[in-house]
Amino acid sequence: MTAPTANRLLEVEQVAVAVGGKPILHGVDLSVSPGQAVGLVGETGCGKSMTVRTVTGLLTRIGGRVHSGAVRLGGEDLTGANERRWRDHQGRTVALVPQASMSSLDPLQSIGRQLAETIRRADRRADVARESRRSLQAVHLDPSETLLRSYPHELSGGMRQRVMIALALAVKPRLLVADEPTTALDAAIRRSILELLTELRLDHGLGLLLVSHDIGAIAAATDALAVMYAGRTVESGPTDQVLARPAHPYTAALLSCLPERGRPGEPLPVIPGSVQDLSRLPRGCPFAPRCVLAQPDCLDDAVPSLPVGPGRLAACRHAPAQSQAEVSA
Ligand SMILES: Nc1ncnc2c1ncn2[C@@H]1O[C@H](COP(=O)(O)OP(=O)(O)O)[C@@H](O)[C@H]1O
Ligand SMILES: [Mg+2]
């Protein structure tokens, strides 16, 4: 386990979370440094949005609780922090672009009004006109009266997503968490949103946590990946290495389902089976029932995350030999 690092914006260590007493997360590890983009990927239902709630202080309002592990934000231990303590960080240290952000905008309020409210909530004395202009310009939207007076339904999907990012940036966060930021967008707009996020990261040293069920959609915009399965991180490491030599069979399976890795004319493979009910997992590796490499010992005990290369971890005893070789190299 890594020691607390002062320059990390976000550190999540072996976090387990239950909602209403029902276990959902079983061991999530994650870290984001200033200026770094980390992708959190895995199939729908594996606990990505629950992880997002955990690191943005939105667990308690759904009756969720961190019952083991640690969550540190900007060097401060926020494991089990109440809503009041989290409020000091929301917007300032960490800001969220929520999943389905199209429906997160208030349809009955103008863009200008929604920006003004966000800015005032953070700082009563802020120069709202100036700050609104600044955050719209940061996402390359023209801060005209026409835009400020318009309503969400009058904007395109791409523009609405830019407005959502502008709202998140309005309070100048150090870490931006974007839950499925490109899922509802077509390829060209998806690329422009990822370019925008990358630019914000490089220009302002913003840490980014990009969350997606589609590893192919966000990988190119990330430095590191954390792959989740059934409520836990099963693999993490530098993006190029994880893509080139996935160590966990689940990561390998996810990658083999990507259209760009398929053979022309052949149907894309899918991973047989589905993510189980996270509150009733088997004792051993949760992926074992779907895994082509599973051995009898996979079902025995929980598998810890093991080093499989520099900066790389995988929770698999039977990780491919090439990755094991890297460790001893
Ligand atoms: N508000 C909630 N209360 C209780 N359980 C929830 C809630 N939201 C999601 N879950 C459960 O948590 C698990 C993970 O869901 P989620 O984090 O949304 O997955 P993902 O974002 O990866 O698709 C699912 O089994 C889901 O049923
Ligand atoms: Mg989700």
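Two residues are taken to be in contact if their C-beta atoms, placed from the backbone, lie within 7 Å. The structure is a predicted model, in which local features need a pLDDT of at least 70 and side-chain atom pairs count only at pLDDT 80 or more, whereas totals for chains, interfaces and linings use all residues. Residues are numbered from 1 along each chain as its sequence is written, and chains are lettered from A and ligands numbered from 1 in the order in which they are written.

The pLDDT, the predictor's confidence in each residue from 0 to 100, averages 89 over the chain, and 93% of the residues score at least 70.

An automatic or database domain assignment gives domain 1 (10-93 + 173-328) and domain 2 (106-171). The centres of the two domains, taken over C-alpha atoms, are separated by 30 Å, and 12 residues of domain 1 are in contact with 11 residues of domain 2. On the domain 1 side, helix α7 (residues 187-204) gives the most, with 5 residues.

Helix α3 (residues 111-122) and helix α4 (residues 128-138) have axes, lines fitted to C-alpha atoms over the stretch in contact, that come within 9 Å and cross at roughly 110°, with angles running from 0 to 180 degrees between N-to-C directions. The two helices are therefore roughly perpendicular, a class that covers 65 to 115 degrees. In this pairing, Gly112, Leu115, Ala116, Ile119 and Arg120 of α3 meet Val128, Glu131, Ser132 and Ser135 of α4.

Ligand 1 is surrounded by residues whose C-beta atom, placed from the backbone, lies within 6 Å of it, among them Val19, Ile24, Lys48, Ile62 and Leu278. Helix α1 (residues 48-56) gives the most to this shell, with 3 residues.

How values were computed
Helix = DSSP H or I, 4+ residues; strand = E, 2+ residues; numbered from the N terminus. Parallel < 35°, antiparallel > 145°, perpendicular 65-115°, else oblique.
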